[in-house]
Amino acid sequence: MSQVKIQHELEMGIKSLGLSCTSQQVDQLLAYLNMLQRWNKAYNLTAIREPIQMVRLHLLDSLAINPCVSGASEILDVGTGPGLPGIPLAILNSDINFTLLDSNGKKTRFLFQAINELGLTNAREVNQRVEKYQPKKAFDIILSRAFSSISDMLNQCQHLVAKNGCFFAMKGKKPDSELSQITKDYKVVDLSQVNVPNIDSERHLIKIIKTDDSA
């Protein structure tokens with residue numbers, strides 16, 4: 001697969017999403033993809049190995065929620081794995097600080113290397129279990145793409161969200177059974193379908209806040 005084809009797929013996808021990227025940001029996204037492919041051979045960071053599918057299912061899938069994170073200052077990407085969606089979003093949003101949390105040591109070693117090679121001063125990796133993580137400052141947004149069920153995310157991350165913060169859960173099909181398990185301490189304030197270029201399967205983004213009486 002030629003780099004020209006991969007770059008074209010990425011640039012067309014970014015355009016289709018209505019996002020504006022500098023040439024430097026495109027270069028960083030491609031460099032991240034190359035690193036992911038390289039490390040994947042030894043560390044098995046992702047089951048997706050074909051470059052065009054990695055562009056669609058990793059990079060563009062992550063960037064599709066970019067408009068929803070604008071205005072935040074501190075975001076926690078919980079269960080980030082190899083940095084998805086945190087690293088692509090950090091590349092596009094230099095004014096937002098991203099904390100990439102994962103309990104898997106080989107994945108956070110990759111994150112450390114990626115953050116340094118890409119020169120991302122607004123991202124840092126943390127190798128810890130979410131329930132044990134005690135940051136100095138709470139987060140505006142708790143973001144999850146591959147974490148467990150929504151109710152588990154809320155329960156395990158409740159100590160990490162700021163008073164007026166929110167949770168964003170990225171899901172495939174609309175997770176009706178998971179939504180029915182959300183307790184009265186939380187409220188779904190937005191549930192929207194996300195369109196990712198050249199992906200046929202469904203994508204949803206669910207925004208959840210703590211209710212006033214649970215604060």
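Residues are numbered from 1 along each chain as its sequence is written, and side-chain values use heavy atoms, with hydrogens and water left out. Because the model is predicted, local features need pLDDT of at least 70 and side-chain atom pairs count only at pLDDT 80 or more, whereas totals for chains, interfaces and linings use all residues.

A few conventions come first. Helices (H or I, at least four residues) and strands (E, at least two) are DSSP runs, numbered from the N terminus. Axes are lines fitted to C-alpha atoms, for helices over the stretch in contact, and angles run from 0 to 180 degrees between N-to-C directions.

Helix α1 (residues 3-16) packs against α2 at an angle of about 125 degrees, and the two axes are 11 Å apart. That angle makes α1 oblique to α2; angles under 35 degrees count as roughly parallel, over 145 as roughly antiparallel, 65 to 115 as roughly perpendicular and the rest as oblique. On the α1 side, Q3, I6, Q7, L10, E11 and I14 meet V26, L29, L30, L33 and N34 of α2, where contact means heavy atoms within 4.5 Å. Sorted by class, this contact of α1 with α2 has seven nonpolar, three polar and one charged residues. Here Ala, Val, Leu, Ile, Met, Phe, Trp, Tyr, Cys and Pro count as nonpolar, Asp, Glu, Lys and Arg as charged, and the others, Gly among them, as polar.

Helix α2 (residues 23-43) also meets helix α3 (residues 51-63): their axes come within 11 Å and cross at roughly 125 degrees. That makes α2 oblique to α3, and α2 passes α3 in a right-handed crossing. The contact is formed by L29, Y32, L33, L36 and Q37 of α2 together with P51, M54, V55, H58, L59 and L63 of α3. In this contact of α2 with α3 there are nine nonpolar, two polar and no charged residues. In the loop between α2 and α3 lies N44, whose phi is near 50 degrees, a positive value in a residue other than glycine.

A further neighbour of α2 is α6. The axes of α2 and α6 come within 11 Å and cross at roughly 150 degrees, which makes α2 roughly antiparallel to α6. Again α2 passes its partner, α6, in a right-handed crossing. Among the residues that make the contact are Y32, L36, R38 and W39 of α2 and R109, F110, A114 and E117 of α6. By class, the contact of α2 with α6 has nine nonpolar, two polar and four charged residues.

The structure holds seven salt bridges, each a side-chain nitrogen of Lys or Arg within 4 Å of a carboxyl oxygen of Asp or Glu. One of them joins E117 and R38, with the closest N and O atoms 3.9 Å apart. Since E117 lies in helix α6 and R38 in helix α2, the pair ties together parts that are 79 residues apart in sequence.

Attention now turns to the sheet. Seven strands form an open sheet with mixed pairing, in the order β3-β2-β1-β4-β5-β7-β6; two strands pair if DSSP finds at least two bridges between them. The edge strands are β3 (123-127) and β6, each pairing on one side only. Neighbouring strands of the sheet are turned by 20 degrees against each other on average, direction ignored. Helix α6 (residues 105-118) packs on the sheet, where α6 touches β2 (97-102) and β3 and makes about 160 degrees with the direction of β3. Helix α7 (residues 150-157) lies across β1 (74-78), β4 (139-144), β5, β6 and β7, and runs at about 155 degrees to β5.

Strand β7 (residues 204-210) pairs with strand β5 (residues 161-171) in the antiparallel sense over five bridges, and K171 stands opposite H204 of β7. Strand β6 (residues 186-193) pairs with β7, also in the antiparallel sense, over seven bridges. There, L191 has I206 of β7 as its bridge partner, and V188 has I208 of β7.

One backbone detail remains. L84 and P85 are joined by a cis peptide bond with omega of about 5 degrees, and P85 is placed in the loop between β1 and α5 (86-92).

Technical notes. A crossing is left-handed if the near helix is turned anticlockwise from the far one by less than a right angle, and right-handed if clockwise.
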